[in-house]
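Me: I have a structure to study and some questions about it. Can we take them one at a time?

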Amino acid sequence: MSALTVDPAPGPGQDWDDLVRIWEETDAPEGCRVEIIDEIVTVSPPPSTDPWHSGRPTATLYGEPEGGTYRVLETVEYGRELTLPEPFGLVLDTGVFPIS
């Protein structure tokens, strides 16, 4: 997940009162977090509830970044094999990973 940046018109040198006003007036969806970070008002999405996750230990391969976000390429439960594509081209035995 990435943060949505709300960049007000005045820009650098903007005073704190203007930033706080923009923060207060930001109409973000419910569950989002509105923050002032490095003189920029940002809106972060609500945390994911991960409905696809089994609750058991897993290994996840991320890749193919797009817009600063990596996609999940493969997720396996510990004990199964996880295949890394080329240029690596290898298979990881996740059965050797510690579970506790």
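Me: In which sense do strand 6 and strand 7 pair, and over how many bridges?
Reply: This is a predicted model. Strand 6 covers residues 81-84, and strand 7 covers residues 90-93. Their pairing is antiparallel, and the number of bridges is 4.

Me: Which residue of strand 7 is the bridge partner of L82?
Reply: Strand 6, at residues 81-84, pairs with strand 7, at residues 90-93. Look in strand 7 for the partner of L82. The residue there is L92.

Me: Which residue in the turn of the hairpin has a positive phi?
Reply: Strand 6 and strand 7 form the hairpin, with 5 residues between them. In that turn, one phi is positive, at about 55 degrees. The residue is G89.

Me: Is G31 buried, partly exposed or exposed?
Reply: G31 sits in the loop between helix 1 (16-25) and strand 2 (33-37). Its relative accessibility is 48%. Buried means under 20% and exposed means over 50%, with partly exposed in between. So G31 counts as partly exposed.

Me: How many Å apart in space are G31 and P46, C-alpha to C-alpha?
Reply: G31 touches P46 and P47, leaving aside residues up to four places away in sequence. In sequence, G31 and P46 are 15 residues apart. In space, their C-alpha atoms are apart by 4.9 Å.

Terms used
Residues numbered from 1 in each chain as written. Predicted model: local features only at pLDDT ≥ 70, side-chain atom pairs only at ≥ 80, totals over all residues. Heavy atoms only, no water. Pairing = 2+ DSSP bridges. Helix = DSSP H or I, 4+ residues; strand = E, 2+ residues; numbered from the N terminus. Buried < 20%, exposed > 50% of the residue type's maximum accessible area, 1.4 Å probe, protein only. Contact = heavy atoms within 4.5 Å.
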